[in-house]
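Subject: Structure handover

Hello,

Please find the structure below. My notes on it come after.

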Amino acid sequence: MATTVKEIRTPPLTSNSDPPPIFNGDTRLYISYVCPYAQRAWIARNYKGLQDKIKLVSINLQDRPAWYKEKVYPENKVPSLEHNGKVLGESLDLISYIDVNFEGLSLVPSDPAKKEFGDQLISHVDTFTKDLYSSLKGDPIKQAGPAFDYLENALGKFDDGPFFLGQFSWVDIAYVPFVERFHIVFSEVFKHDITEGRPKLAAWD
């Protein structure tokens, strides 16, 4: 896994910050360090070893610079990727874009069966996250159980590695920022281990 490059995290840019030299030929990934959607694109960048090719620009989401919406990404969300004179958004789309347009380890397996199952899992990820957030409004442990059971069952599909498709892929990147976040919430707030009784999820997480 190409994650050995050490990187200094710069302070997030605020409403008082000057913009970087936008559209000067550099490739930039605009993120928030704490946003799980942005973390998807960030993980894809790092896994492919693109720390020197794609510059990281952190945005303070509570105090966003006006220039980000006006000059970079009108949707005013993160992540976004500035590349070849254009800006793209949406975290799942950016995982695929980074994979296809930059060198490094492929995030999509060549095995058709794995790719087909991966597409199924990707199509389910929004439902998964919505179910987890909804569970917090009721009986979290009981209501979130089926969502975590879904992951446990999916992780048993292939046996050539601990990841969803056996080997690490774009599917793991899509799910892991949210699973990690809810693992902490359930542990610290509800004193519940989401991996209990789910050995494959424990190995993956």
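The notes below cover the annotated domain, the salt bridges and one histidine.

This is a predicted model, in which local features need pLDDT of at least 70 and side-chain atom pairs count only at pLDDT 80 or more, while totals for chains, interfaces and linings use all residues. Residues are numbered from 1 along each chain as its sequence is written, and side-chain values use heavy atoms, with hydrogens and water left out.

An unreviewed UniProt entry lists residues 25-106 as "domain: GST N-terminal"; UniProt positions are given in the numbering used here, feature names are shortened, and annotations may be inferred rather than shown by experiment. The span is 37% helix and 20% strand, and its end C-alpha atoms lie 24 Å apart. Helices (H or I, at least four residues) and strands (E, at least two) are DSSP runs, numbered from the N terminus.

Salt bridges. Side chains of opposite charge can pair when their charged atoms come close. There are ten salt bridges in the structure, each defined as a side-chain nitrogen of Lys or Arg within 4 Å of a carboxyl oxygen of Asp or Glu. Three of them are described here.

- Arg28 pairs with Glu82, with the closest N and O atoms 3.0 Å apart. This pair links distant parts of the chain, 54 residues apart: Arg28 is in strand S1 (residues 28-31) and Glu82 in strand S3 (residues 80-83). Both Arg28 and Glu82 are buried (buried means under 20% relative accessible area, exposed over 50%, partly exposed in between, with a 1.4 Å probe and protein chains only). Arg28 and Glu82 also belong to a network of salt bridges with Asp26 and Lys55.

- Asp99 pairs with Lys48, the closest N and O atoms being 2.9 Å apart. Asp99 is in helix H3 (residues 91-101), and Lys48 is in the loop between helix H1 (36-47) and strand S2 (55-58), 51 residues apart. Asp99 counts as buried because its relative accessibility is 12%, and Lys48 is buried at 4%.

- Lys77 and Glu90 meet at 3.3 Å, N to O. Lys77 lies in the loop between helix H2 (66-72) and S3, and Glu90 in the loop between strand S4 (86-89) and H3, so the pair ties together parts 13 residues apart in sequence. Lys77 is partly exposed, with a relative accessible area of 41%, and Glu90 is partly exposed, also with 41%.

Histidine. His183 is in helix H6 (residues 170-188) and counts as buried because its relative accessibility is 19%. Leaving out residues up to four places away in sequence, His183 touches Asp193, Ile194, Thr195 and Asp205, where contact means heavy atoms within 4.5 Å.

Regards
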